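This report looks at a pocket and at one of the helices beside it. Please view the sequence and the structure first.

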Amino acid sequence: MASGRAEQFMTNWTSDVFRDRCVAQIDSALTQSKPRSTSTDPVEKFLAQKSSKELEEFVFSQAKSREDYVSLIAEMLMMLRQHGGKPMVDAEVLAAAPPEVLEAAGIPSDFLNGHTHEDKPETE
């Protein structure tokens, strides 16, 4: 029985066993990184407002293959671990950047409209 579950885990990315393992990894990364729902960073806010199961379901709905799924899960885990509770976008740095630099980075020129220094969450 255990060998059947292991085989299912290794071969079928749509199986509950495989997906539950990914949910557990996301849950662990969320617990360690503690993203804030009050962040001005839309990515951090999105990650903070979703459960690990909801995040996995989002990734699963976007994936077209096992490779897509694994890659998207890995990217999410890396992002969570890399930022570990720190703001993902520093509003002060963006505010000081020239408009042409923001454009080159693909950041809309009105991204910071309405975001003041006071809106920026405090770092720990």
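On a 1 Å grid over the protein atoms alone, a pocket is an open set of points where a 1.4 Å probe fits, with protein on both sides within 12 Å along at least five of seven lines. Grid points are joined across faces, edges and corners, and the volume is the space filled by probe spheres set on them. The model is predicted, so local features need pLDDT of at least 70 and side-chain atom pairs pLDDT 80 or more, while totals for chains, interfaces and linings use all residues. Residues are numbered from 1 along each chain as its sequence is written, and side-chain values use heavy atoms, without hydrogens and water.

The largest pocket holds about 180 Å³ of space. Lining residues have an atom within 4 Å of a point; for this pocket they are V43, F46, L47, F58, V59, L72, E75, M76 and M79. The table gives the elements that supply two or more of them. Helices are DSSP runs (H or I, at least four residues), numbered from the N terminus.

| Element | Residues |
|---|---|
| α3 | 42–49 |
| α4 | 52–62 |
| α5 | 66–83 |

The largest share, 4 residues, comes from α5.
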